[in-house]
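I opened my notebook for a friendly look through this one. Here is what I looked up, entry by entry.

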Amino acid sequence: MTSAEEFTEFAAAASPRLRRTAFLLCGDWQAAEDLTQATLAKVFVAWRRISRRDAALSYATRTLANTYLAAQRRRRVSELLTSRPPDRAADPGTPELRIVVLDALATLPPKARAVVVLRYWEDLSVEQVAVLLGCSPGNVKSQSARSLDKLRALLGDAVTAADPRTPAPGKRPETGDQHDR
């Protein structure tokens, strides 16, 4: 198998995961596609230098995070992109909850958002995130704590209001079972 064929196989397998991570970083599917493509292009250029093929996904994830952060540093746009158009009634349930969470995630600074996504979506350890972002484990821990506090403050009542299935504090969830009543 040639190097190009190996990369094509890797890209086909890794693209969905990279795209989901990119979406969580930037909050927009089109931007996530662009970020994923830019990441795969950079990984392709470095493909011959990646000696351990089992580490290729880690390399690609780090490249994705670095590409996202570099773009955020260069970005001068003061607009906040949202995933829903204005003046549209939202349906209750899971899609609304997703929008609320993504909007809250969008309020975080780029590096803090990257820490939260890599730490809790990608399920990486503190040390792995520190290596990926080129900072200390203590920085990752403090960024995580501050970001989670901010998200909790933003989402506290919003999560309950957005998802009618979520019980109010102090109430038991209704399951429809008569044994629960």
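**Entry 1: a glutamine in a helix**

Is Gln143 buried or exposed? I looked it up in this model, which is a predicted one. Gln143 comes out as buried, because its relative accessible area is 16% and the cut-off for buried is under 20%. I then checked where Gln143 sits, and found it in helix α7. Setting aside residues up to four places away in sequence, I listed what Gln143 touches: Lys111, Ala112 and Val115.

**Entry 2: Ser15 and its surroundings**

Next I turned to Ser15, which lies in helix α1. With a relative accessible area of 13%, Ser15 is buried. What does its side chain have within reach? I noted a polar atom of the Ser15 side chain 2.6 Å from the backbone oxygen of Ala11. Residues up to four places away in sequence left out, Ser15 touches Thr36 and Leu40.

**Entry 3: over to Thr39**

Along the sequence, Thr39 and Ser15 are 24 residues apart, and I read 9.8 Å between their C-alpha atoms. Thr39 has a relative accessibility of 0%, so I wrote it down as buried. Which residues is Thr39 in contact with, once neighbours within four places in sequence are left aside? My list reads Ala60, Thr63, Leu64 and Thr67.

**Entry 4: the second largest pocket**

I wanted to know how much space the second largest pocket holds, and the value is about 390 Å³. Its lining has 15 residues, and the closest to the pocket centre are Leu24, Val101, Leu102, Leu105 and Trp121. Which helices each supply at least two residues of this lining? I found α1 (3–26), α4 (94–106), α5 (110–121) and α7 (137–162). I also sorted the lining by residue type: 13 are nonpolar, two are charged and none is polar.

**Entry 5: the cysteines I checked**

How many disulfides does a search of the whole structure find? The search returned zero. Cys26 has a relative accessible area of 21%, so it counts as partly exposed. Cys135 is at 17% and therefore counts as buried. The two values fall on either side of the 20% cut-off for buried.

Most residues other than glycine have a negative phi. With that in mind I stopped at Asp123, where phi is positive, near 60 degrees, in a residue that is not glycine. Where does Asp123 lie? I placed Asp123 in the loop between α5 and α6 (126–133). Is Asp123 buried or exposed? Its relative accessibility is 63%, so Asp123 counts as exposed.

Last, I looked up Gln128, which lies in helix α6. At 42% relative accessibility, Gln128 is partly exposed, because that class runs between the 20% and 50% cut-offs.

Definitions and conventions: Residues are numbered from 1 along each chain as its sequence is written. This is a predicted model: local features need pLDDT of at least 70, side-chain atom pairs count only at pLDDT 80 or more; totals for chains, interfaces and linings use all residues. Side-chain values use heavy atoms; hydrogens and water are left out. On a 1 Å grid over the protein atoms alone, a cavity is a set of points where a 1.4 Å probe fits but cannot get out, and a pocket is an open set with protein on both sides within 12 Å along at least five of seven lines; lining residues have an atom within 4 Å of a point. Grid points are joined across faces, edges and corners, and a volume is the space filled by probe spheres set on the points. Helices (H or I, at least four residues) and strands (E, at least two) are DSSP runs, numbered from the N terminus. Ala, Val, Leu, Ile, Met, Phe, Trp, Tyr, Cys and Pro count as nonpolar, Asp, Glu, Lys and Arg as charged, and the others, Gly among them, as polar. A disulfide is a pair of cysteine sulfur atoms within 2.5 Å. Buried means under 20% relative accessible area, exposed over 50%, partly exposed in between (1.4 Å probe, protein chains only). A polar contact is a pair of N or O atoms within 3.5 Å; within protein, one must be able to donate a hydrogen and the other to accept it, and residues adjacent in sequence count only if both atoms are side-chain atoms. Contact means heavy atoms within 4.5 Å.
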